[in-house]
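Morning, everyone. I have one structure to go through today, so let me put it on the screen.

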Amino acid sequence: MEYEKERGFQITFMPGGVTATAAPGSSAADAAAAAGVRIGRHCGGAGVCGKCRVAVKDRDEDPFGPLTETEKKLLTQEEIERGLRLSCCAPIVKNGTVYVVDGAEGEGHSILEGFYSGIEEWGEREGFGVAVDIGTTTVVCYLLDLRGRRAIDRASFLNPQVSFGDDVISRIAYSSSSNEALWRVQRSLTEEMGENIRAMADRNGVPREEIKELVIAGNTVMEHLFAGVSPESIGHSPYSPQFLLKDPFRASDIGMNINERCVVKMLPNVAGYVGADIVAGVAAVGMDVDDKMRLFVDIGTNNEIVIGNGGGMFCCATAAGPALEGARIQYGMRAAEGAIERVFLDNGELACGTIGGGAPAGLCGSGLIDAVALLLDEGVINAGGRFEYPEKCLDGRFAKRLGRDKKGMVRLLLTDEKNPVYLTQKDIREVQLAVGAVKVGTEVMLERAGTTEDGIAEVCLAGAFGNNINVESAVRVGLIPDVSRGKILGVKNSSGLGACMSLASPGFYERTKEAAKKMSYVELSTLPDFQKRFLKAMSF
């Protein structure tokens, strides 16, 4: 045993059969990440989501020590009896075998790839190139024929870095722990990106040596991790990145096996939490050159807001994403197959629509906002965000669905009892935190621009969440301003479009640099009345 302690314990992860070496007392999540085994880490290992479960099926193969207090709190008695453990908490004390229950795989994941307009500006170029939109959750690669002036293929996948945490804060913490951790995070992305790029080239008969350039658009943390630069300084005040604009470099410099001479160009960032994905989107919609006053909103794992026009823009970031991406929601999940994406009334009765049309497996962001908006309209939730007490609800449609869990928390059954998915009081509070942050950000941006909601000519909704939510539901809960619906435009994957336009046209690439300079960043947390504004904004 002493020898095993010195060299580490051997943990086999099933069903893949991958064996990892784990230091005594370390977590299964860290051992899995080091071995490339993908386990969901919605809260980044903070021990608050309960969605990184693994199972022990044979006591003789159980590598874990006693249940931790966190596990006792987050796992049900039934789960404990079934041998489930939380991979972020359970300490490894010997060799063993565990089965991954909550995997972080991308199968069935809904990924936004499309553009709201075409690539309108092309330069005189030769060969082929790839534009990449690196999102915190998903990645999309676009293969362009630069001489023929056309997009010929695209590939998308779940960002493999979700194995190290769902949000940027978690990934900053993990990648900053050691040089090896930073390398692991970088390698997980560059390897999968390289595989997808090579696959696109092969199926389209494009010689890899003809891929001359990669253009990258991602948030500031994603760009740091892609380049192998520690984002540690972004994780604490004053949230300063190591770079805003990195000089071009060869793909081979970061181990990407595409073409020895392939050059990587990364689009410019504005601040630690307003990155190149937003700059690309702003330029793609023409916000940086038009006179029209626009409000650009990208609600995702992080939420960014930009307001202005060619004369100048203000921007900010808010932490709205965790709840809207399914984290910290009891039955929350990403927008993947089985996720409830719509909640509505059908002949007066509560009904749900799922991605793929199958049995409900959980609740994604768009379904969450639908559910809250509907329950607000029906009086089941009040303006303060509190559920009607089950014993006092007089509406039979909802009274039969309202109840309490074993801890006494009020919850409402969204589905049938065969495939139960509940919305809880705690979930409502998480939505209030997200909505409150977005509302404050919008309010401050309007003030800085010296305008009101009536002065906005267009509201541009970017990203997967913004283009899949029901606009009426989003307005009802306060995620977007209550303006004329004709002013609200879904601009789809504007980051990907901006990256493609930067690849197609060197002139547009240079324009993104000027766009970034026009964007004045506002750090909301430093506002003297931020807390007061935030508490007020949490009311529906």
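Which residues does glutamine 432 touch, not counting residues up to four places away in sequence? Keep in mind that this is a predicted model. The residues touched by glutamine 432 are Gly384, Gly385, Met538 and Phe540, again leaving out anything up to four places away in sequence. One of these, glycine 384, has its backbone oxygen 3.0 Å from a polar atom of the glutamine 432 side chain. As for its place in the fold, glutamine 432 is part of helix H12, residues 425-449. Its relative accessibility is 3%, and buried means under 20%, so glutamine 432 counts as buried.

Next, a helix pair. Helix H8, residues 276-284, and helix H15, residues 494-504, have axes that come within 7 Å and cross at roughly 75°. The two helices, H8 and H15, are therefore roughly perpendicular to each other. On the H8 side, the contact is made by Asp277, Ala280, Gly281 and Ala284. H15 contributes Ser494, Ser495, Leu497, Gly498, Ala499 and Met501. Sorted by class, that H8 and H15 contact has five nonpolar, four polar and one charged residues.

Now the whole chain. The protein has 17 helices and 23 strands. Its radius of gyration is 24 Å, close to the 24 Å from the globule rule for 540 residues, so the protein is as compact as a globular protein of that length. The C-alpha trace spans about 65 × 65 × 45 Å along the principal axes. Of the 540 residues, 58% count as buried. Among contacts between residues at least 6 apart in sequence, 67% join residues at least 24 apart.

Definitions and conventions: Residues numbered from 1 in each chain as written. Predicted model: local features only at pLDDT ≥ 70, side-chain atom pairs only at ≥ 80, totals over all residues. Heavy atoms only, no water. Axes fitted to C-alpha atoms, helices over the stretch in contact; angles between N-to-C directions. Helix = DSSP H or I, 4+ residues; strand = E, 2+ residues; numbered from the N terminus. Parallel < 35°, antiparallel > 145°, perpendicular 65-115°, else oblique. Contact = heavy atoms within 4.5 Å. Nonpolar A, V, L, I, M, F, W, Y, C, P; charged D, E, K, R; others polar. Buried < 20%, exposed > 50% of the residue type's maximum accessible area, 1.4 Å probe, protein only. Polar contact = N/O pair within 3.5 Å; in protein donor to acceptor, adjacent residues only side chain to side chain. Rg over C-alpha atoms; globule rule 2.2 N^0.38 Å.
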